[in-house]
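The sequence and the structure come first, and the description follows.

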Amino acid sequence: MMTETCQMTKMEIKMKTVEIDSAGLSYRELNDLMRESMLDGAEKIILKNVTGQKFIGTRLYFPKASKTVDSKKLEIEIFGTPGNDLGAFLHGHSITVFANAQDGVGNTMENGEIVVHGRAGDVVAMAMRGGKIFIRDSLGYRAAMHMKEYEDKTPVLVIGGTAQDFLGEYMAGGIVILLGIGDQEHRANFIGTGIHNGVIYIRGQLEEEQLGKGVIIQELDEHDHQVLKNCVGEFVNHFGAELDVKAEELLQGEFVKLVPASNRPYKAVYAN
Amino acid sequence: MKSYLLPEFLLERDESKCIQNRACCQACVRQCSNGVHAFDSSQGKMVSRPEKCTGCQRCVVFCPTGALRVVPAPPSYRPNQNWTVERIRDIKKQAESGGVLLRGCGDDTGHRIYWDHLLLNASQVTNPSIDPLREPMELKTFLGPKPERLSLRQGGREDEFELETEILPHLVVETPILFSAMSYGSISYPAFKSLAMAASELGTLFNTGEGGLPLELRKDYGRCAIVQIASGRFGVDAEYLNSGVAVEIKIGQGAKPGIGGHLPGEKVSSLVAATRMIPEGSDAISPAPHHDIYSIEDLSTLIHAVKEATNYQKPVFVKIAAVHNAAAIASGIVRAGADIIALDGLRGGTGTAPKIIRENVGIPVELALAAVDDRLRSEGIRNRCSIIAAGGIRCSADVAKAIALGADAAYIGTAALVAMGCTLCQSCYTGKCNWGICTQDPSLTNRLNPKLGSNRLINLVRAWSMEIKEMLGGMGLNAIESLRGNRDQLRGIGLQEWELDVLGIKGAGE
């Protein structure tokens, strides 16, 4: 009896983790396999030999009301380099990449978590509405553009290094943190142009000229320190060992807090 | 600052008809959200402030004794062909405010309306015309990619064959008239619901615009909804993308090609905020471009991201404004993987656009449509997508002419609003629409009942569909398919050589 139960448990564990060799698969084929695995009840999917396949995680939306499969969340591990739009429209799953990621990570992502053990390309977290993205190193241009929040959904983007121009343009909510680990210089310009909600925290030096129109610098208050403590804590949980950093060290640095001057930035533009 | 502006409308009150001092009436006072009418108790009579009047005619329609008349003020400056009253007024307005002029509705400046220079054919003698009252007449329209060729395979029995070709997802509508994108936020909830109800009843589709689809409407009206995703990505998540029958990626709009949109915070009520998933009272800003689309390749990525998110079950529309290189752009859009292209012309409507953009940017949809259809045919990719013509479709003949020029169907926006009560006062951006259409003020939105609003829409589309059947029958055709791209049924009148050339039609009498 005992033995049988043990075997059952073992079987279940085995069934619930699926490993897919992605070599030579088109993105559509790979995403087909991932969807099938989800419908078969997989809880964790490990992708090996990923070579630029796009939209990983996007096809894993399944209506909540389904009788056969509840909308449980999958854990996805990616070995190799995923292609553009990793986790686009992501519906609550968590994705860990053990390499660099490309453009469009978390595009219009709804919920879940994306952790990248490396760097990421342009337009990361574009129009992201919820969930969290942690990038160990730096990323490219146009990050966190038009990120937005509503009620309990506040998207969070934490970047270990720095980001390039247009960070947080049109931001309509959410939290963006640049940690500048390793004394990285922040060279981005036009930060937060048109921002009308949300907050950007930057650890390190920043010149006023680097800010876009409608952004102001504000003193950090108790709430900000709590937000930073939580988010940096999570970042360090993911990458602390790799980067050999501790949360306390990072939190001791100087942070610049950027917020919108108004949540109606273009009100005065019109005549009528 | 003292305003130098003159009233745009004159108010004429027939004192002998007006109920005046009886407090029980004052219908005009209650109907006007602009505060034009008031009862002055010290004088014991009605007074008015015509400078606040937008000319929407609400008070005229609802005056129980027919005592009111609102007419455009006659030109009141010294006549000048160059410096028209409108130009002078605009300058004064800007001198007083320093701002960009806004206007609602489509371009009204009278750029050539090609529909009015196209004439349809009818059969005489050599080919009998058909009476749609007696003969079956097919308006059913299939939107989406069509296979290059069909192949069959042997079925179970010797004389049985099965379709081998994969048929990609497409849409079936009972009439080639769809409701164009009008978002909840720009229009009121009852107006939005009226469109949904009418589309459902008519077997056609409505388009959510970029303001999301309220959750409670998804169950009943998702099956007739095209859900839109625009640069603001408002209310967009996987569930939303899957809630309709198709997804439209909006790149541009005919009324304001190349620019974004700002839904002012005043219009972002708690319900609009919930549907758009942004904080209440915050501006809803749609950037000019999608910042993840800077090329055809990027567009292809978003198209396929949407297809992935909807498990390849829904056709994807791409909507663009009709601009100079529309044909080449459309070719790129088809190659990027779009299933349906919506082409929105210069005269397309809007809740708000800068006046200067509305009047000066873009080209008429008729020319763009003909050019796009030609280009896709010449490249042998016309079957890979459908085309929907939009922007200034005013009557059933415009629909028929659009289809003859190469469209698969037409979107109507302004015509639908007019059916619900809109009088094109062009003041949508004020949020004070007296007809309850383009406002979020509950005291105004309550004026529109979705049941009654949808009835008007249903009547309109049924009437147009009948008229299209009449026109088809006259041409000796019994299916809308036979008119599609059938430019031989069109002749131009009052057009120059180059115009006939672009439209790909002969002149009348040729």
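The model is predicted: local features need pLDDT of at least 70, side-chain atom pairs count only at pLDDT 80 or more, and totals for chains, interfaces and linings use all residues. Residues are numbered from 1 along each chain as its sequence is written, while chains are lettered from A and ligands numbered from 1 in the order in which they are written.

## Domains

Domain bounds come from an automatic or database domain assignment.

In chain B, domain 1 covers 9-99 and domain 2 covers 173-484. Their centres, taken over C-alpha atoms, are separated by 33 Å. The contact between them takes 9 residues from domain 1 of chain B and 7 residues from domain 2 of chain B, where two residues are in contact if their C-beta atoms, placed from the backbone, lie within 7 Å. On the side of domain 1 of chain B that touches domain 2 of chain B, 2 residues are nonpolar, 6 polar and 1 charged. In this classification Ala, Val, Leu, Ile, Met, Phe, Trp, Tyr, Cys and Pro count as nonpolar, Asp, Glu, Lys and Arg as charged, and the others, Gly among them, as polar.

## Contact between the chains

Chain B contributes 32 residues to the contact between the chains, and chain A contributes 39 residues. Helix 3 (85-97), helix 6 (238-241) and helix 8 (296-309) of chain B each supply at least two residues of the side that touches chain A. Helices (H or I, at least four residues) and strands (E, at least two) are DSSP runs, numbered from the N terminus. Helix 8 of chain B gives the largest share of that side, 5 residues. By class, the side of chain B that touches chain A has 14 nonpolar, 12 polar and 6 charged residues.

| Helix pair in chain B | Angle | Distance between axes |
|---|---|---|
| Helix 9 (residues 326-335) and helix 11 (residues 365-378) | about 50 degrees | 8 Å |
| Helix 4 (residues 189-202) and helix 15 (residues 450-474) | about 45 degrees | 8 Å |

Axes are lines fitted to C-alpha atoms, for helices over the stretch in contact, and angles run from 0 to 180 degrees between N-to-C directions. The angle makes helix 4 of chain B oblique to helix 15 of chain B. Angles under 35 degrees count as roughly parallel, over 145 as roughly antiparallel, 65 to 115 as roughly perpendicular and the rest as oblique. The crossing of helix 4 and helix 15 of chain B is right-handed; a crossing is right-handed if the near helix is turned clockwise from the far one by less than a right angle, and left-handed if anticlockwise. Among the residues that make this contact are Ala191(B), Ser194(B) and Ala198(B) of helix 4 of chain B, and Gly453(B), Leu457(B) and Val461(B) of helix 15 of chain B. The contact of helix 4 with helix 15 of chain B has 10 nonpolar, 3 polar and 2 charged residues.

Helix 9 of chain B also passes helix 11 of chain B in a right-handed crossing. On helix 9 of chain B the contact is made by Ala326(B), Ala327(B), Ala330(B), Ser331(B) and Val334(B), and on helix 11 of chain B by Ala368(B), Ala371(B), Val372(B), Arg375(B) and Leu376(B). These residues divide into 8 nonpolar, 1 polar and 1 charged.

## Single residues

Met420(B) is in helix 13 (residues 414-420) of chain B. Met420(B) counts as buried because it has 25 C-beta neighbours inside 10 Å. A residue is buried if 20 or more other C-beta atoms lie within 10 Å of its own, exposed if 12 or fewer, and partly exposed in between, with C-beta atoms placed from the backbone. Leaving aside neighbours within four places in sequence, the contacts of Met420(B) include Ala191(B), Ser194(B), Gly453(B) and Leu457(B).

In chain A, Asp122(A) sits in the loop between strand 5 (111-116) and strand 6 (132-135). Asp122(A) is buried, with 22 C-beta neighbours inside 10 Å. Asp122(A) and Gly104(A), 18 residues apart in sequence, are 6.3 Å apart in space, C-alpha to C-alpha.

Most residues other than glycine have a negative phi. Phe89(A), which is not a glycine, has a positive phi of about 55 degrees. Phe89(A) lies in the loop between strand 3 (75-81) and strand 4 (91-97) of chain A, and is buried, with 32 other C-beta atoms within 10 Å. Ala144(A) has a positive phi near 60 degrees. Ala144(A) is in the loop between strand 6 and strand 7 (156-159) of chain A, and counts as buried with 33 C-beta neighbours inside 10 Å.
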